[in-house]
Amino acid sequence: MREDGKTRAVRVLIYLYENTDEEHYATIKMISDHLASLGMPADRRTIGEDIEALRAAGIDISCERSTQNRFRLASRSFTVTELKLLIDAVQSSKFIGYEDCRILIEKLASLAVRSQSSKLRRRLYFRERPKAGSKDLFRTLDLVWRAYSEGVAVSFKYFTFDSGKRRVYKHSGATYMLSVYSMIWNNDSYYVVGYDEKHRGVTTFRLDRMGEVTLTDTPARKAPAGFTEQRYMKGGVFDMYDGHEYDAAFMCRGEAMDAVIDKFGKDADTTPCGRDKFILRARVSASPTLYGWLFTFTDLITLISPSALAKDYSAYMRGALASLREGRKIRQRRTDI
(Lines give C-alpha, C1' and ligand atoms only; values in the text may rest on other atoms or scores of the structure.)
Protein backbone atom coordinates (compact mmCIF):
# COMPACT_ATOMS: atom_id res chain seq x y z
CA MET A 1 0.00 0.00 0.00
CA ARG A 2 1.03 3.61 -0.48
CA GLU A 3 1.96 5.66 2.57
CA ASP A 4 -1.48 7.34 2.64
CA GLY A 5 -2.98 3.86 2.40
CA LYS A 6 -1.32 2.90 5.68
CA THR A 7 -2.85 5.92 7.36
CA ARG A 8 -6.24 5.08 5.85
CA ALA A 9 -6.07 1.50 7.15
CA VAL A 10 -5.43 2.83 10.66
CA ARG A 11 -8.43 5.14 10.31
CA VAL A 12 -10.57 2.17 9.23
CA LEU A 13 -9.43 0.23 12.32
CA ILE A 14 -10.19 3.18 14.63
CA TYR A 15 -13.66 3.50 13.09
CA LEU A 16 -14.37 -0.20 13.60
CA TYR A 17 -13.09 -0.02 17.20
CA GLU A 18 -15.23 2.98 18.08
CA ASN A 19 -18.42 1.92 16.29
CA THR A 20 -18.72 -1.87 16.04
CA ASP A 21 -19.17 -4.80 18.40
CA GLU A 22 -21.31 -7.94 18.61
CA GLU A 23 -24.45 -5.84 18.12
CA HIS A 24 -23.22 -3.06 15.82
CA TYR A 25 -21.87 -3.45 12.29
CA ALA A 26 -20.43 -1.08 9.68
CA THR A 27 -20.92 -1.24 5.91
CA ILE A 28 -18.37 -0.21 3.31
CA LYS A 29 -20.49 2.89 2.61
CA MET A 30 -20.47 3.89 6.29
CA ILE A 31 -16.70 3.53 6.40
CA SER A 32 -16.34 5.41 3.10
CA ASP A 33 -18.49 8.31 4.35
CA HIS A 34 -16.40 8.48 7.52
CA LEU A 35 -13.13 8.58 5.59
CA ALA A 36 -14.53 11.26 3.27
CA SER A 37 -15.40 13.40 6.32
CA LEU A 38 -11.71 13.18 7.26
CA GLY A 39 -10.59 14.24 3.78
CA MET A 40 -9.51 10.71 2.83
CA PRO A 41 -11.91 9.57 0.06
CA ALA A 42 -11.71 5.87 -0.78
CA ASP A 43 -13.70 3.50 -2.97
CA ARG A 44 -15.12 0.07 -2.13
CA ARG A 45 -12.08 -1.79 -3.47
CA THR A 46 -9.46 0.12 -1.48
CA ILE A 47 -11.47 -0.12 1.74
CA GLY A 48 -11.83 -3.85 1.16
CA GLU A 49 -8.05 -4.09 0.70
CA ASP A 50 -7.53 -2.15 3.95
CA ILE A 51 -9.75 -4.56 5.86
CA GLU A 52 -7.94 -7.58 4.41
CA ALA A 53 -4.58 -6.00 5.36
CA LEU A 54 -5.82 -5.52 8.92
CA ARG A 55 -6.96 -9.14 9.04
CA ALA A 56 -3.60 -10.29 7.75
CA ALA A 57 -1.98 -8.32 10.59
CA GLY A 58 -4.01 -10.33 13.10
CA ILE A 59 -6.96 -7.99 13.74
CA ASP A 60 -10.10 -10.07 14.32
CA ILE A 61 -12.61 -8.47 11.94
CA SER A 62 -15.82 -10.36 11.23
CA CYS A 63 -17.81 -10.04 8.00
CA GLU A 64 -21.52 -10.77 7.55
CA ARG A 65 -22.03 -11.21 3.83
CA SER A 66 -25.17 -9.83 2.19
CA THR A 67 -26.08 -7.30 -0.51
CA GLN A 68 -24.04 -4.90 1.61
CA ASN A 69 -21.30 -6.72 3.49
CA ARG A 70 -21.27 -5.73 7.15
CA PHE A 71 -18.08 -5.66 9.21
CA ARG A 72 -17.40 -5.53 12.93
CA LEU A 73 -14.50 -5.86 15.31
CA ALA A 74 -15.08 -9.37 16.63
CA SER A 75 -12.71 -9.33 19.62
CA ARG A 76 -12.99 -6.62 22.25
CA SER A 77 -11.33 -6.48 25.65
CA PHE A 78 -14.65 -6.16 27.47
CA THR A 79 -18.31 -6.68 26.68
CA VAL A 80 -20.78 -3.92 27.55
CA THR A 81 -22.10 -6.06 30.42
CA GLU A 82 -18.59 -6.45 31.83
CA LEU A 83 -17.99 -2.70 31.57
CA LYS A 84 -21.26 -2.00 33.39
CA LEU A 85 -20.14 -4.33 36.17
CA LEU A 86 -16.75 -2.63 36.46
CA ILE A 87 -18.28 0.86 36.42
CA ASP A 88 -20.74 -0.05 39.16
CA ALA A 89 -17.88 -1.51 41.24
CA VAL A 90 -15.82 1.67 40.86
CA GLN A 91 -18.77 3.91 41.59
CA SER A 92 -19.86 2.04 44.71
CA SER A 93 -16.38 1.95 46.23
CA LYS A 94 -16.07 4.40 49.11
CA PHE A 95 -12.25 4.46 49.08
CA ILE A 96 -12.12 5.90 45.54
CA GLY A 97 -12.74 9.66 45.72
CA TYR A 98 -15.28 11.46 43.55
CA GLU A 99 -12.84 12.88 41.02
CA ASP A 100 -10.85 9.64 40.67
CA CYS A 101 -14.16 7.82 40.30
CA ARG A 102 -15.23 10.13 37.47
CA ILE A 103 -11.91 9.68 35.65
CA LEU A 104 -12.00 5.89 35.94
CA ILE A 105 -15.57 5.69 34.67
CA GLU A 106 -14.72 7.91 31.71
CA LYS A 107 -11.83 5.59 30.82
CA LEU A 108 -13.94 2.45 31.18
CA ALA A 109 -16.76 3.95 29.11
CA SER A 110 -14.30 4.80 26.32
CA LEU A 111 -13.62 1.06 25.87
CA ALA A 112 -17.15 0.54 24.51
CA VAL A 113 -18.49 1.52 21.10
CA ARG A 114 -19.66 5.14 20.88
CA SER A 115 -23.37 4.30 20.95
CA GLN A 116 -22.88 2.41 24.22
CA SER A 117 -20.17 4.68 25.62
CA SER A 118 -22.57 7.59 26.07
CA LYS A 119 -25.02 5.31 27.89
CA LEU A 120 -22.28 4.06 30.19
CA ARG A 121 -21.26 7.63 31.00
CA ARG A 122 -24.84 8.35 32.02
CA ARG A 123 -24.36 5.76 34.76
CA LEU A 124 -22.02 8.28 36.38
CA TYR A 125 -24.00 9.35 39.42
CA PHE A 126 -23.18 9.40 43.09
CA ARG A 127 -25.58 7.98 45.59
CA GLU A 128 -25.86 9.55 49.01
CA ARG A 129 -23.13 7.48 50.56
CA PRO A 130 -19.80 8.43 52.10
CA LYS A 131 -16.67 8.42 49.97
CA ALA A 132 -13.50 8.61 52.02
CA GLY A 133 -11.08 8.33 49.12
CA SER A 134 -7.68 9.97 49.53
CA LYS A 135 -6.44 12.31 46.81
CA ASP A 136 -3.11 10.44 47.04
CA LEU A 137 -4.73 7.02 46.64
CA PHE A 138 -3.41 6.22 43.15
CA ARG A 139 0.09 7.41 43.99
CA THR A 140 0.11 5.35 47.18
CA LEU A 141 -1.20 2.30 45.37
CA ASP A 142 1.45 2.69 42.66
CA LEU A 143 4.30 2.94 45.20
CA VAL A 144 3.06 -0.03 47.23
CA TRP A 145 2.71 -2.12 44.07
CA ARG A 146 6.20 -1.12 42.92
CA ALA A 147 7.62 -2.07 46.33
CA TYR A 148 5.97 -5.48 46.02
CA SER A 149 7.15 -5.97 42.41
CA GLU A 150 10.71 -4.79 43.03
CA GLY A 151 11.15 -6.64 46.33
CA VAL A 152 11.92 -3.57 48.47
CA ALA A 153 10.35 -2.17 51.62
CA VAL A 154 8.08 0.87 51.65
CA SER A 155 8.16 3.54 54.36
CA PHE A 156 5.17 5.63 55.46
CA LYS A 157 3.36 7.31 58.31
CA TYR A 158 0.01 6.00 59.49
CA PHE A 159 -2.82 8.29 60.52
CA THR A 160 -6.35 8.51 61.85
CA PHE A 161 -8.68 11.52 62.13
CA ASP A 162 -9.48 13.58 65.22
CA SER A 163 -12.78 15.23 66.14
CA GLY A 164 -11.98 18.12 63.82
CA LYS A 165 -11.41 15.78 60.84
CA ARG A 166 -7.69 16.52 60.97
CA ARG A 167 -5.02 13.90 60.38
CA VAL A 168 -3.37 12.58 63.51
CA TYR A 169 -0.26 10.49 62.87
CA LYS A 170 0.11 7.45 65.09
CA HIS A 171 3.05 7.08 67.46
CA SER A 172 3.81 10.82 67.19
CA GLY A 173 4.46 10.59 63.47
CA ALA A 174 6.87 7.66 63.63
CA THR A 175 7.87 6.15 60.29
CA TYR A 176 6.77 2.58 59.53
CA MET A 177 8.83 0.22 57.40
CA LEU A 178 6.83 -2.49 55.63
CA SER A 179 7.72 -5.47 53.46
CA VAL A 180 4.64 -5.85 51.26
CA TYR A 181 3.23 -9.36 50.92
CA SER A 182 -0.20 -8.69 49.50
CA MET A 183 -2.89 -6.10 48.79
CA ILE A 184 -6.45 -7.05 49.69
CA TRP A 185 -9.75 -5.36 48.88
CA ASN A 186 -12.00 -6.23 51.81
CA ASN A 187 -15.25 -4.79 53.15
CA ASP A 188 -15.05 -1.87 50.68
CA SER A 189 -11.56 -0.83 51.76
CA TYR A 190 -8.08 -1.52 50.37
CA TYR A 191 -5.52 -3.06 52.73
CA VAL A 192 -1.80 -3.75 52.56
CA VAL A 193 -0.51 -6.87 54.30
CA GLY A 194 3.16 -7.27 55.12
CA TYR A 195 5.91 -7.53 57.68
CA ASP A 196 6.03 -4.42 59.84
CA GLU A 197 9.44 -3.72 61.41
CA LYS A 198 7.88 -1.69 64.24
CA HIS A 199 5.60 -4.53 65.39
CA ARG A 200 8.01 -7.24 64.23
CA GLY A 201 5.34 -9.33 62.60
CA VAL A 202 2.82 -9.62 59.79
CA THR A 203 0.14 -6.96 60.09
CA THR A 204 -2.40 -4.99 58.07
CA PHE A 205 -2.72 -1.32 57.12
CA ARG A 206 -5.49 0.53 55.31
CA LEU A 207 -4.11 1.95 52.08
CA ASP A 208 -5.98 5.25 52.38
CA ARG A 209 -4.57 5.80 55.89
CA MET A 210 -0.95 5.61 54.72
CA GLY A 211 0.70 9.00 54.34
CA GLU A 212 4.08 10.24 53.07
CA VAL A 213 4.68 6.91 51.34
CA THR A 214 8.21 6.43 50.02
CA LEU A 215 9.91 3.62 48.11
CA THR A 216 13.12 2.56 49.87
CA ASP A 217 16.27 0.72 48.85
CA THR A 218 15.92 -1.72 51.75
CA PRO A 219 15.35 -5.31 50.56
CA ALA A 220 11.96 -6.61 51.66
CA ARG A 221 11.75 -9.51 54.10
CA LYS A 222 10.56 -12.72 52.53
CA ALA A 223 7.03 -13.83 53.35
CA PRO A 224 6.74 -16.65 55.91
CA ALA A 225 6.68 -20.15 54.43
CA GLY A 226 3.22 -21.03 53.17
CA PHE A 227 1.88 -17.46 53.37
CA THR A 228 -1.09 -16.85 51.07
CA GLU A 229 -3.90 -14.30 51.12
CA GLN A 230 -6.43 -17.07 51.68
CA ARG A 231 -4.60 -18.51 54.67
CA TYR A 232 -4.05 -15.07 56.15
CA MET A 233 -7.72 -14.17 55.83
CA LYS A 234 -8.78 -17.47 57.38
CA GLY A 235 -6.09 -17.32 60.03
CA GLY A 236 -7.77 -14.92 62.40
CA VAL A 237 -8.14 -11.52 60.78
CA PHE A 238 -11.82 -10.64 61.01
CA ASP A 239 -12.60 -7.83 58.51
CA MET A 240 -8.93 -6.82 58.63
CA TYR A 241 -8.81 -6.13 62.38
CA ASP A 242 -5.78 -7.68 64.04
CA GLY A 243 -6.44 -9.08 67.49
CA HIS A 244 -5.71 -12.10 69.66
CA GLU A 245 -6.59 -15.21 67.68
CA TYR A 246 -8.93 -17.91 68.93
CA ASP A 247 -10.25 -21.22 67.66
CA ALA A 248 -13.90 -20.48 68.36
CA ALA A 249 -17.15 -22.42 68.26
CA PHE A 250 -20.60 -20.97 67.70
CA MET A 251 -24.06 -22.51 68.04
CA CYS A 252 -26.14 -21.33 65.10
CA ARG A 253 -29.75 -21.64 64.07
CA GLY A 254 -30.47 -22.77 60.52
CA GLU A 255 -31.47 -19.26 59.42
CA ALA A 256 -27.92 -18.09 60.12
CA MET A 257 -26.32 -20.22 57.39
CA ASP A 258 -26.54 -17.42 54.78
CA ALA A 259 -24.69 -15.06 57.14
CA VAL A 260 -22.07 -17.72 57.93
CA ILE A 261 -21.40 -18.42 54.24
CA ASP A 262 -21.25 -14.68 53.48
CA LYS A 263 -18.61 -14.24 56.19
CA PHE A 264 -16.60 -17.48 56.08
CA GLY A 265 -17.36 -18.90 52.63
CA LYS A 266 -18.94 -22.14 51.49
CA ASP A 267 -16.04 -24.11 52.97
CA ALA A 268 -16.89 -22.94 56.50
CA ASP A 269 -16.48 -25.72 59.08
CA THR A 270 -20.10 -26.47 60.08
CA THR A 271 -21.59 -29.55 61.76
CA PRO A 272 -25.35 -30.27 62.08
CA CYS A 273 -26.53 -30.24 65.70
CA GLY A 274 -30.08 -31.24 66.51
CA ARG A 275 -33.08 -29.97 64.63
CA ASP A 276 -32.31 -27.02 62.36
CA LYS A 277 -29.13 -26.06 64.20
CA PHE A 278 -25.44 -26.36 63.47
CA ILE A 279 -22.09 -25.65 65.10
CA LEU A 280 -19.65 -23.33 63.35
CA ARG A 281 -15.94 -23.67 64.10
CA ALA A 282 -13.66 -20.90 62.90
CA ARG A 283 -10.39 -19.21 63.77
CA VAL A 284 -11.17 -15.57 64.51
CA SER A 285 -9.49 -12.55 66.02
CA ALA A 286 -10.97 -10.68 68.98
CA SER A 287 -12.09 -7.39 67.46
CA PRO A 288 -14.93 -4.87 67.39
CA THR A 289 -16.01 -6.13 63.96
CA LEU A 290 -16.35 -9.69 65.26
CA TYR A 291 -18.45 -8.50 68.20
CA GLY A 292 -20.54 -6.26 65.97
CA TRP A 293 -21.19 -9.18 63.65
CA LEU A 294 -22.20 -11.40 66.58
CA PHE A 295 -24.50 -8.73 67.97
CA THR A 296 -26.22 -8.40 64.58
CA PHE A 297 -27.19 -12.07 64.81
CA THR A 298 -27.73 -12.28 68.57
CA ASP A 299 -30.85 -14.45 68.24
CA LEU A 300 -29.26 -16.70 65.61
CA ILE A 301 -25.58 -17.13 66.54
CA THR A 302 -24.25 -17.84 70.05
CA LEU A 303 -20.57 -17.90 71.00
CA ILE A 304 -19.95 -21.05 73.03
CA SER A 305 -16.16 -21.24 73.25
CA PRO A 306 -13.49 -20.42 74.22
CA SER A 307 -14.32 -18.80 77.54
CA ALA A 308 -11.56 -16.19 77.14
CA LEU A 309 -13.16 -14.88 73.94
CA ALA A 310 -16.60 -14.97 75.58
CA LYS A 311 -15.26 -12.86 78.48
CA ASP A 312 -13.73 -10.36 76.06
CA TYR A 313 -17.02 -10.16 74.15
CA SER A 314 -18.90 -9.68 77.42
CA ALA A 315 -16.56 -6.85 78.42
CA TYR A 316 -17.06 -5.21 75.05
CA MET A 317 -20.84 -5.38 75.43
CA ARG A 318 -20.62 -3.94 78.96
CA GLY A 319 -18.67 -1.05 77.50
CA ALA A 320 -21.39 -0.53 74.88
CA LEU A 321 -24.04 -0.57 77.60
CA ALA A 322 -22.05 1.96 79.66
CA SER A 323 -21.89 4.20 76.60
CA LEU A 324 -25.68 4.02 76.24
CA ARG A 325 -26.11 4.94 79.90
CA GLU A 326 -23.76 7.88 79.51
CA GLY A 327 -25.78 9.01 76.52
CA ARG A 328 -28.94 8.89 78.60
CA LYS A 329 -27.31 11.06 81.28
CA ILE A 330 -26.27 13.61 78.67
CA ARG A 331 -29.82 13.74 77.29
CA GLN A 332 -31.19 14.24 80.79
CA ARG A 333 -28.77 17.09 81.48
CA ARG A 334 -29.79 18.81 78.26
CA THR A 335 -33.42 18.44 79.23
CA ASP A 336 -32.71 20.05 82.59
CA ILE A 337 -31.05 23.08 81.00
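Two strands count as paired if DSSP finds at least two bridges between them. Helices (H or I, at least four residues) and strands (E, at least two) are DSSP runs, numbered from the N terminus. You are looking at a predicted model, in which local features need pLDDT of at least 70, side-chain atom pairs count only at pLDDT 80 or more, and totals for chains, interfaces and linings use all residues. Residues are numbered from 1 along each chain as its sequence is written, and side-chain values use heavy atoms, with hydrogens and water left out.

**First stop: a three-stranded sheet.** Here an open sheet shows the order S1-S3-S2 with antiparallel pairing. Strands S1 (26-27) and S2 (61-64) sit at the edges with a single partner strand each, so one side of each is left without a neighbour in the sheet. Now select residues 70-73: this is S3, joined to S2 by four bridges. Zoom in on Ile-61 and you will find Leu-73 of S3 opposite.

**Second stop: strand S4.** Select residues 152-161, where seven of the ten residues are buried (under 20% relative accessible area, with a 1.4 Å probe and protein chains only). Which strands pair with S4? Residues 210-219 form S9, antiparallel to S4 over five bridges; look for Tyr-158 with its bridge partner Met-210. Residues 176-186, strand S6, pair with S4 in the antiparallel sense over three bridges, and Val-154 has Leu-178 as its bridge partner there. Finally, pick residues 167-169: strand S5 runs antiparallel to S4, with three bridges, and Val-168 stands opposite Thr-160.

Terms used:
Buried < 20%, exposed > 50% of the residue type's maximum accessible area, 1.4 Å probe, protein only.
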